[in-house]
Amino acid sequence: MPSLCRDCLTEFETGPRCPACGRPRIVAHDELWDLSIAHMDCDAFYASVEKRDNPELADKPVIIGGGRRGVVSTACYVARIRGVRSAMPMFKALKLCPEAVIIKPRMQVYAEVSRAIRAMMEDLTPSIEPLSLDEAFLDLTGTARLHGHPPAVMLARLVKRMHTELGVTGSIGLSHNKFLAKIASDLDKPNGFAVIGKTETQDFLRPKPVRMIWGVGGAGQEALERAGIRTFEDLLRWDRRDLHHRFGSMGERLWHLARGEDTRRVTRDAAPKSISNETTFADDIDDPELLDGHLWRMCEKVADRAKAKGLAGRVVTLKLKQADFKLLTRRQSLPDATQYADRIYRMARGLFDREPQGRAYRLIGAGISDLVPGSMADRVPDMLDPQAETRARAERATDTIRARFGEDAILKGRSLR
Amino acid sequence: MKVSMERSTLLRAVSQAQSVVERRNTIPILANVLIEAEGDTVAFRATDLDIEVLDRAAAMVERAGGTTVSAVTLHEIVRKLPDGAQVVLAEDTTAGRLTVTAGRSNFSLATLPKEDFPVMASSEYASNFSAKAGVLRRLFDKSKFAISTEETRYYLNGVYMHVADGEDGRALRCVATDGHRLARIDAELLSGAEDMPGVIVPRKTVGELRKLLDDDDADIAVSVSETKVRFATSDITLTSKVIDGTFPDYTRVIPSGNTRKLEVDAGDFAKAVDRVATVSSERSRAVKLQLDEDRLVLSVNAPDSGNAEEEIAVAYGDEPLEIGFNAKYLLEIASQVDRENAVFLFNSAGDPTLMREGSDTSAVYVVMPMRV
């Protein structure tokens, strides 16, 4: 069976240890030299970077996240042993692991490491699809002759380089499509290398729960469970048309995924589908003036990012989380796409005003979606709001000033609330 | 209750009811139609709490009474029955069912008590008048395309029906706008309508009303109060709440000083716009109009997919002008023109443009240009 030593990268035929270096970190699989779609996922990325930069933290439980009311964005493996998980509210994490060292995220540092990893991936293939700072899909199809080694070897070399040069570890999932590669990278974490070949795909999936499917969240899982679908085995029993009828286009996708089929390509820099910003308050806020100030700042951030990316949105979304954690999202489509903070804010504010007043919220957010190029935004003035043009001009002037003299050079009074 | 009636009469009454009923209901009885039989008529009533439709149909009433059943189910059943069938609706009070029988088909439907059905409170109408269906159809058909879907500006989600000073004296007027385009349609002020309060008739009501207006010469009894509006034919009564809000002062939006005049065959114009817009796949496709002495060049330039150009002969005598519009907006207003040439009045490339049919000022459209 084709085998690879993950330490010295020797390729050989079967054996419990590497014939060259004698170490036992071996990946062996019948299709090892043939598979070329991979998913690379860094292990506890933010925490690893922090531990690298401060060796004293090495054996301590480390949690990256913000504030008392924030959520865990990353927990190191020491903290994970105690039950801490990402996206867990901080107070809960601290209950499980009171001695944890909490570190506020240093996004700039992480982004720098991420860029370095990205550069290493670029040496392997131009087909890279980053999902976030710390994970990406890679398509190495047809690169074996160029590199002189099959994809598996190049991937093992990638994580080895990441470890020696950047001090972070990553896990590789190697398979024949994105769906399975993503599942594989999670099988052998941390510092893992897992392979799902074509021949074992069906047998591998059959007993697995459908919540493994990326994108099937709580609600999706519930809908599937109501239909009696828990595992891929259950899913296989469904007729294609019935699935489509019951779950729409998602049903169609499920039918294929149940058979281990996924035809999505690894696409470089997939265009974002939405731009949004949200903030969780240290204490619940019911003061409409304060909420209004937060809402404006969120909208301004969304507009800043939209302008920076040269994008505009046709749909404005308002997101509110009530004190009881109930999440409300309200959306409104615009006849003419926009990238102006003023228009996003007015629309979001209109949506906010339609909600019962005086409620307390723990989170507020705003976003735009249904994105189009910025050149196609704000092209038809509103006859009923002649002041809008003046405000748009003021916003453009403000942007110019902020570009030259810094973010805080000029602010709206509203943002000081 | 037990009644017998002809399938087509029943179908008409039930289809009107089921279209008012909301598809997704949290209150079960709102999915139902209230059926009440007395004398020699059966009344079908349905509501979404904002609109109520009441349809009276002639029937053989064997036993008076009333109940409620799912409007959609009853409609589906009646729709699938053979034409000309005689349908018997009979209430089985002990089982809480309504049986529907036609020929050899038998259906038994779950009912909810008629006492629970929310009947819209009757109200005092400040103004009552009678209008020909054709007149109302023109007022609403020509204005409804401009209704806004922006829920945050809820006061634009309908047609503003009011009395105004038109070009030829006082007029019954309908206006709709979404801020990008506006339609202002006038009709002769009917006696009894003089003191009518201005009301915003919601989009859904406009849609339901349309079904009452197919017969040009039918008389429609219109009743208006500050909070409600009612349209009634001899059989059907449509009552609706109006939108509680203030319609913006639209008069300042309608340009009066536009002097550059373009006259064009509306059909040719619409077809040309439609053709050049084909090359762009965006939803808000921009069409550029280049005007010169008796010449109009329409063009679309979509960097990703291609470009198109078409020239049409027009009547234009002013200085050259270049102006852009959303293709969809142009098509919509051009399709309102049915008798004469379309007359466009421009000011500059950044100002609202006015469109009317020939010299007829009883239907005026305003459209905002698009930066291209």
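Visitor: Which residues does E135(A) touch, not counting residues up to four places away in sequence?
Guide: In this predicted model, E135(A) is placed in strand β9 (residues 135-139) of chain A. The UniProt annotation "active site", from an unreviewed entry, covers E135(A). Leaving out residues up to four places away in sequence, the contacts of E135(A) are H39(A), M40(A), D41(A), P130(A) and K182(A).

Visitor: Is E135(A) buried or exposed?
Guide: The relative accessible area of E135(A) is 15%. Buried means under 20%. E135(A) is therefore classed as buried.

Visitor: What distance separates the centres of domain 2 of chain A and domain 3 of chain A?
Guide: The domain assignment of chain A places domain 2 at 202-258 and domain 3 at 274-416. Taken over C-alpha atoms, the centres of domain 2 of chain A and domain 3 of chain A are separated by 37 Å.

Visitor: Which residues of chain A make a nonpolar surface patch of about 260 Å²?
Guide: One member, I401(A), is found in helix α15 (residues 387-405) of chain A. I401(A) counts as partly exposed because its relative accessibility is 32%. The patch is made by I401(A), F405(A) and I410(A).

Visitor: How many residues of domain 3 of chain B are in contact with domain 2 of chain B?
Guide: The domain assignment of chain B gives 127-252 for domain 2 and 260-367 for domain 3. Their C-alpha centres lie 28 Å apart. From domain 2 of chain B, 13 residues take part in the contact, and from domain 3 of chain B the number is 15.

Visitor: Why does the pair K142(B) and D338(B) tie together parts that are apart in sequence, and by how many residues?
Guide: K142(B) and D338(B) form a salt bridge, with the closest N and O atoms 3.4 Å apart. K142(B) lies in the loop between α3 (133-141) and β11 (158-166) of chain B, and D338(B) in the loop between α6 (327-334) and β24 (342-346) of chain B, so the parts tied together are apart in sequence by 196 residues.

Methods. Residues are numbered from 1 along each chain as its sequence is written. Chains are lettered from A and ligands numbered from 1 in the order in which they are written. This is a predicted model: local features need pLDDT of at least 70, side-chain atom pairs count only at pLDDT 80 or more; totals for chains, interfaces and linings use all residues. Side-chain values use heavy atoms; hydrogens and water are left out. Domain bounds come from an automatic or database domain assignment. Patches are made of residues with over 30% relative accessible area and no salt bridge: like charges are joined within 9 Å, nonpolar side chains (Val, Leu, Ile, Met, Phe, Trp, Tyr) within 5 Å. Accessible areas come from the Shrake-Rupley method with a 1.4 Å probe; for residues, only the protein chains shown count as cover. A salt bridge is a side-chain nitrogen of Lys or Arg within 4 Å of a carboxyl oxygen of Asp or Glu. Helices (H or I, at least four residues) and strands (E, at least two) are DSSP runs, numbered from the N terminus. Buried means under 20% relative accessible area, exposed over 50%, partly exposed in between (1.4 Å probe, protein chains only). UniProt positions are given in the numbering used here, feature names are shortened, and annotations may be inferred rather than shown by experiment. Contact means heavy atoms within 4.5 Å.
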